Amino acid sequence: MDRVVDLDEAAALLVGRVAHWRSAGLEVGEMTWRDWEAEWPQPLETDRARVNDPDSLRVLIAGAAEAELSVVLFRGGWADVDFFDGRADFVSLPASDIASARDFAARMDQWVVRVFGSLGSVL
């Protein structure tokens, strides 16, 4: 798989947002990593040090009214983005052509607002 997005950089950019999300009342789960080199089925790890060659990074955020956002970023430049806003059915959003960790972080900000509403300034 091509390495388009630096997952470590993306994780660092998310860490910078977690305190803001939590202060806005959201629950943010531990990030999980998947190792490209691991045998199938590839386990998800919360400890980055246990992953030699990361190919995906996942974050799960929950809010009021059972709203939930699940994002799995792949180093190839796409993400699986699924959410439930507490009012409608589960929704999957298109998320391809992610060019960098900063591009991903900007999209993440948009997805959080779409699911949970405006939280004020992120950074």
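Which residue forms a salt bridge with R107? The partner is D103, and the closest N and O atoms lie 3.1 Å apart. The model is predicted. R107 and D103 sit four residues apart in helix α2, so about one helical turn separates them. D103 counts as partly exposed, at 22% relative accessibility. Elsewhere, salt bridges with shared partners join R3, D53 and R75 into one network.

**Salt bridges**

The whole structure holds eight salt bridges. Three of them are listed here.

| Pair | N to O distance |
|---|---|
| R17 and D109 | 2.7 Å |
| E45 and R50 | 2.9 Å |
| R107 and D103 | 3.1 Å |

The R17 and D109 pair links distant parts of the chain. R17 belongs to helix α1 and D109 to helix α2, 92 residues apart. R17 is buried, with a relative accessible area of 7%. D109 is buried too, at 18%.

**Helix α1**

Helix α1 covers residues 7–23. Its 17 residues should span 24 Å at 1.5 Å a residue, and the end C-alpha atoms are 25 Å apart, so the two values agree. The helix bends by about 35° at R17. At its start, a side-chain oxygen of D6 comes within 2.9 Å of the backbone nitrogen of D8. Just after the helix, G25 adopts a positive phi of about 95°.

The buried residues of α1 include L7, L13, L14, V18 and W21. Among the elements covering the buried residues are strands β4 (54–62) and β5 (68–74), together with helix α2 (101–116).

Note on methods. Residues are numbered from 1 along each chain as its sequence is written. This is a predicted model: local features need pLDDT of at least 70, side-chain atom pairs count only at pLDDT 80 or more; totals for chains, interfaces and linings use all residues. Side-chain values use heavy atoms; hydrogens and water are left out. Helices (H or I, at least four residues) and strands (E, at least two) are DSSP runs, numbered from the N terminus. The expected span of a helix is 1.5 Å times one less than its number of residues. The bend at a residue is the angle between axes fitted to the seven residues ending there and the seven starting there. Buried means under 20% relative accessible area, exposed over 50%, partly exposed in between (1.4 Å probe, protein chains only). Contact means heavy atoms within 4.5 Å. A polar contact is a pair of N or O atoms within 3.5 Å; within protein, one must be able to donate a hydrogen and the other to accept it, and residues adjacent in sequence count only if both atoms are side-chain atoms. A salt bridge is a side-chain nitrogen of Lys or Arg within 4 Å of a carboxyl oxygen of Asp or Glu.
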